[in-house]
Amino acid sequence: MTPLRRAAPLAALAPARLAAPARLAARACLAALARLTALALACLAVLALAGCASRAAPPRPPLAVRPVAWPAPGELGPVRAVADDGDRVVLFHDGAAAVFVNGALARVERAPHRWVSAAVVPAPDGYGTWIVGADAEGRLLRLPSRGSFEPVADHYGLERAAVRAAAGLGLGLGGGAAFALDGEIAVADGERVTRYATGPLAAFAAGGGRVAFALGGDEVLALDVTPRALRSYPLEADGPAPLLAVTGAGALLAATPAALYAEDGAGVLRLRLRASAALHGLAVSGERVWFADGGELGVLDASGARATRGARLPEAGRLIGSPSGDVWLLAAGALRRFAADDAGAGPAWDDIAPVFDRACARCHRPRGEGGVDLSTRAAWASLREAIARRVVEERTMPPPGHALSEADRARIRGFVERLAPPARPSARP
């Protein structure tokens, strides 16, 4: 595979602006600054008319969540990182990785690495996605569908760099990926690799064509990849670096221990929630935004924030997103998965139970021969994309000998479509 071309010269990033030697880049920065100034004045006018700056949304009913059963991979030690692309989930343990396909344990790959992060990123040639992990030595390794780990930093033009984290950019066909290095950010947009000098990174996230990062606790910066425009967002924080996330639409989310902020359609980072205890988790899961506040889980949408009451979850865990809309909670090496149980917000299990009993139950009950338990609504919700693809589109399931009529397939299609989570909280213009 041909590596991507490295951009030259390397551009440098300063906290308040993009610096580049070319006059064209300088003019672009000045134009971006003018647009930001106009936007800021417009936002001030809107706030003046509203009569207030930022207010948290009014209280809403508590959130109900349910644990999603997940098979144990055996005695592999603590989980260090998780990569979830919807069909495949890889749990990274020190010295090993457990690979799950459509919810069933497929294999365990042994590897002498101490993992610090993992991600699903577009392949450098734009065809498909790769599951990658970064180890404590800064090596970036890919785990193929078959075979052992292989180093892939050179495919992204990062041959001699220490990679600490990776994330997909969500740029559509061809994808693109961003990487957190030691004092730098690297952006591979499918055509070239550009590295930006930032200084030591305290937080990093990417998505929706943007890279968000923080160097401390009082400011967040977001790089719009295509126009190479940098935007700064001040935060009311004196403590640790914020938690960062970016939605598929490119909206920035930031959480300090005291508050959760989300970017609105005008590009303003607004207060959405004051913490009840301390915010320690933030993740985008498909169309859903999750947060962890003390021992509670919560979701944020366009209507505001809701949180559980009395969940008593670990208060030092971190959240990891899933394309299904579920969320992973990783605390002290122990991993759990949760789904939002929105009463009245989706189809009841009774809507699909007759089809399941007739065509699926033989293999997909608990401990069934299929290896994947689909006997609950939560299980269907967590695997809805795989079910829709294999049953409705590819028609590879159920196997021969299990009758499934066209009416049944239409019923399954309608059921999984109605299981989709609500729309993301905000979208940038």
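**Close-up views of aromatic pairs, nonpolar cores and salt bridges**

**View 1. Trp70, Phe100 and Trp328 form one aromatic cluster.** This is a predicted model in which local features need pLDDT of at least 70 and side-chain atom pairs count only at pLDDT 80 or more, while totals for chains, interfaces and linings use all residues. Residues are numbered from 1 along each chain as its sequence is written, and side-chain values use heavy atoms, with hydrogens and water left out. The structure holds eight aromatic pairs, where rings of Phe, Tyr and Trp (its six-membered ring) pair if their centres lie within 6.5 Å, and planes under 30 degrees apart count as stacked, over 60 as edge-to-face and the rest as tilted. One of these pairs joins Trp70 and Trp328 in an edge-to-face arrangement, with 5.1 Å from centre to centre and 90 degrees between the planes. Trp70 lies in the loop between β4 (65–67) and β5 (79–84) and Trp328 in strand β30 (residues 327–331), so this pair ties together parts that are 258 residues apart in sequence; helices (H or I, at least four residues) and strands (E, at least two) are DSSP runs, numbered from the N terminus. Trp70 counts as partly exposed at 23% relative accessibility, whereas Trp328, at 1%, counts as buried; buried means under 20% relative accessible area, exposed over 50%, and partly exposed in between (1.4 Å probe, protein chains only).

**View 2. Trp130 and Tyr156 form an edge-to-face aromatic pair, 6.0 Å centre to centre with 85 degrees between the planes.** Because Trp130 lies in strand β10 (residues 129–135) and Tyr156 in the loop between β12 (150–151) and β13 (163–168), the pair ties together parts that are 26 residues apart in sequence. Trp130 is buried, at 5% relative accessibility, and Tyr156 is buried with a relative accessible area of 1%.

**View 3. The largest nonpolar core has 23 residues, and those with the most contacts inside it are Leu374, Trp380, Ile387, Val391, Ile412 and Val416.** A nonpolar core is a set of buried Ala, Val, Leu, Ile, Met, Phe, Trp, Tyr and Cys residues joined through side-chain atoms within 4.5 Å. The elements that give two or more residues to this core are α2 (353–359), α4 (377–382), α5 (384–393) and α6 (406–418), and its largest share, four residues, comes from α5. Val416 touches Trp380, Arg384, Ile387 and Ala388, not counting residues up to four places away in sequence, where contact means heavy atoms within 4.5 Å.

**View 4. Asp182 and Arg164 meet through their side chains in a salt bridge of 2.9 Å, N to O.** Asp182 lies in the loop between β14 (177–181) and β15 (184–188) and Arg164 in strand β13, so the pair ties together parts that are 18 residues apart in sequence. Arg164 is partly exposed, with a relative accessible area of 31%. The count comes to 17 salt bridges, each being a side-chain nitrogen of Lys or Arg within 4 Å of a carboxyl oxygen of Asp or Glu.

**View 5. Arg395 and Glu406 meet through their side chains in a salt bridge of 2.7 Å, N to O.** The pair links distant parts of the chain, with Arg395 in the loop between α5 and α6 and Glu406 in helix α6, eleven residues apart. Arg395 counts as partly exposed at 42% relative accessibility.
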